[in-house]
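User: Please walk me through this model, beginning with the terms that I need.

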Amino acid sequence: MSTHESRVGYALAAPGILALLLLFIGPTIAIFVIAATDWELGADRLSFVGLENFRVMSVDPGFRAALFNTIVYALIVVPATMILGLVTALLVESTRTWQAFYRAAHFLPAMATMAAMAIAWEALLHPTIGLVNHALIFLGLQPENWLHNRHTVLPVLAAIGVWQNFGNAMVLFLAGLKAIPQDLYAAAAVDGADSPLDRLRTVTLPLLGPTMMFVTIIVGLRSLEVFTSVQILTQGGPDQASNVLLYTLYRESFEYLNTGYGAAITVVFLVMVCTLTLIQARTMDRRVHYT
Amino acid sequence: MARLTLRDISKSFGAVSVLRDVSLEAQHGEFVTLLGPSGCGKSTLLRIIAGLEPQDAGTVAIGDRVVDRWKPKDRDVAMVFQSYALYPHMTVAANLALPLQMRRLSKAQRLPLVGPLLPGSRYIRERIAEEVRGVAKSLELASLLDRKPGQLSGGQRQRVALARAMVRNPALFLMDEPLSNLDAKLRVQMRAEIADLRRKVDATFIYVTHDQTEAMTMSDRVAVMFDGRLVQVGPPHLLYDRPATRRVAEFIGSPRINLLDASVRSNSSAMSGTCEFQIHCDLAPGTAVTLGIRPEALHLVDNGGAGVLSGRVHHVEYLGSDLLVYFQVEGNSEPLVLRAPPQHAASLRPDATIHASPRRDGVLVFDDKGDAVSTPTVTPFRSQRTS
């Protein structure tokens, strides 16, 4: 390649490289640098403290609760979303009538704005006027102060997370189901695997493998990012019981203005997200056995 | 004994009728091919035989038993699909073992983890593995048992699909265009392998294809289907020499049969343009008919005259063993084709005038509906396997 050509090449790539540096790589480096300082937002001086922020983090009960809650949240949301999404997809796929309606109906929560939906959930879960408690009382069961009980708040938030995510999972599973060759079901029927359970085990689930991996990672990433519902419904309470990673990050950075500490939490968050993304990229590459 | 009997099978998808009153019988051990253009209903018929699709009317009997309400797995049939339909997540060995496991292991014994530990399970599994190895060996798949279908070539996948059908020892082999995804060379090879398989196993074969060469080379009898109807069923040579309709005549044979418009003069002759042909038919003089002449039923003669087609050479295809001479006859829109020995190659330049005369009894006559009206005497030739 001539020098002229390579110069033109660089010139053409330059805007892209610049945007990448400015919008992605720059801020990421900045986060790592700030995480090593005690900078407070608006302060005109800062000093480098090395790994001090991370040491503080490791003993900070707020952060530990947030990390723990986020993991618990993800461990509830991911499997529940997978199962609910898959079951809904199988049910929607098995019906011939009203298919489009069911598909749209189940996908609605995924399209709705979480901020608006959180308010609707707040109304439903209200301890005295909420529909949920009214229904419980009607059935002769004990009402519950769902969002202010430290034992119920996280499962309730997770349930809302499942409600919001499973439509997405369903749509992905539906696409995966459509891609399974009908001949395989025919072959399974001739081979003797014709009960619903055998079909599921012999054909459907194995061939949905790549879709399941994809959905797990997507839902996993989304549940690590839970924020809106926490911010609107509980503000991390009661007593840190619903504090999650992104909410702590937000509060430290923008309410307490501990920008350095916030940046350190961001680093942790970034590592978690990148790990999941890497796993996804790796496994997506290894889909060879399905060709 | 696995005789297959189809009686008056009909099937529609919505308003589209795909099969109409199809009746067919295949004797035990017979190789019957359903041949027809795509969309003629042959695959649907095969799926009905397999039990994958219910028919709207008619009955399917295997042996002496009507199996209409039986599930595919209970019909003792094995099927080979055009797409092979191998389970992509399983090794070749697991693919071959599955139909046996489904039959011989109980529900509990098939459970993952726990299943293999249950009493009896291990013994059955070992037996299955042994049979799988045996079948794999006979199809030269032994070295591929641990591979997954994605790591195999098209021909190997096809052999695995055959092995999966074979491993169960079914009474009826159903094959749905099994060779159409293979390249030409492999197709010839697999044709031989299927013929081989057929000699090895004591089963009845129903083979679906749109490829007349496959049908002609492998079958005891061929059932030609058009638009959901069986048009003619018979051994390959009969379909070729005595096609029941003009469409069958056109569909079978390559290059295609020559067709000439003509009108009947007497019960032993018909005129096409200025050329008079000897035929046998009892249609009234003046009736419009179509004459069909196979390319090899025409031979070159030195001079024109009565009963001789004269025309100009359009182009010549050299095939090594013989020549295909395309020539244009006045009054016929399409060029005719004749098969000539390769020695004639030098004299057959484009635009040269040639004369061709049909072999005695080489002229087929079809009426205006396309049905054959004459039955030319053909050299008696009977397949040994059909009675």
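Analyst: Helices (H or I, at least four residues) and strands (E, at least two) are DSSP runs, numbered from the N terminus. This is a predicted model, in which local features need pLDDT of at least 70 and side-chain atom pairs count only at pLDDT 80 or more, while totals for chains, interfaces and linings use all residues. Residues are numbered from 1 along each chain as its sequence is written, and chains are lettered from A and ligands numbered from 1 in the order in which they are written.

User: Where is Trp98(A) found?

Analyst: Trp98(A) lies in the loop between α3 (61–94) and α4 (99–111) of chain A. Its phi is near 65 degrees, a positive value in a residue other than glycine.

User: Is Trp98(A) buried or exposed?

Analyst: Trp98(A) is exposed, because 10 other C-beta atoms lie within 10 Å. A residue is exposed if 12 or fewer other C-beta atoms, placed from the backbone, lie within 10 Å of its own, buried if 20 or more do, and partly exposed in between.

User: And what about phi of Asp239(A)?

Analyst: For Asp239(A), phi is near 50 degrees, again a positive value in a residue other than glycine. Asp239(A) sits in the loop between α10 (228–233) and α11 (245–255) of chain A. Asp239(A) counts as exposed, because it has 10 C-beta neighbours inside 10 Å.

User: Changing topic: at what angle do α8 and α9 of chain A pack?

Analyst: Helix α8 (residues 182–191) and helix α9 (residues 196–224) of chain A pack at an angle of about 140 degrees, with their axes 10 Å apart. Therefore α8(A) is oblique to α9(A). Angles under 35 degrees count as roughly parallel, over 145 as roughly antiparallel, 65 to 115 as roughly perpendicular and the rest as oblique.

User: Which residues make the contact?

Analyst: Leu184(A), Tyr185(A) and Ala188(A) of α8(A) meet Arg199(A), Thr202(A) and Val203(A) of α9(A). Here, contact means that the C-beta atoms, placed from the backbone, lie within 7 Å.

User: Now the sheet in chain B: in what order do the six strands come?

Analyst: The order in this open sheet of chain B is β6-β7-β8-β3-β9-β10, with mixed pairing. Strands β6 (77–80) and β10 (229–234) of chain B stand at the edges, each with a single partner strand, so one side of each is left without a neighbour in the sheet. Two strands pair if DSSP finds at least two bridges between them.

User: How many bridges join β9 to β10(B)?

Analyst: Five bridges join β9 (residues 221–226) of chain B to β10(B), and the two run antiparallel. Met225(B) has Leu230(B) as its bridge partner in β10(B).

Technical notes. Axes are lines fitted to C-alpha atoms, for helices over the stretch in contact, and angles run from 0 to 180 degrees between N-to-C directions. Two residues are in contact if their C-beta atoms, placed from the backbone, lie within 7 Å.
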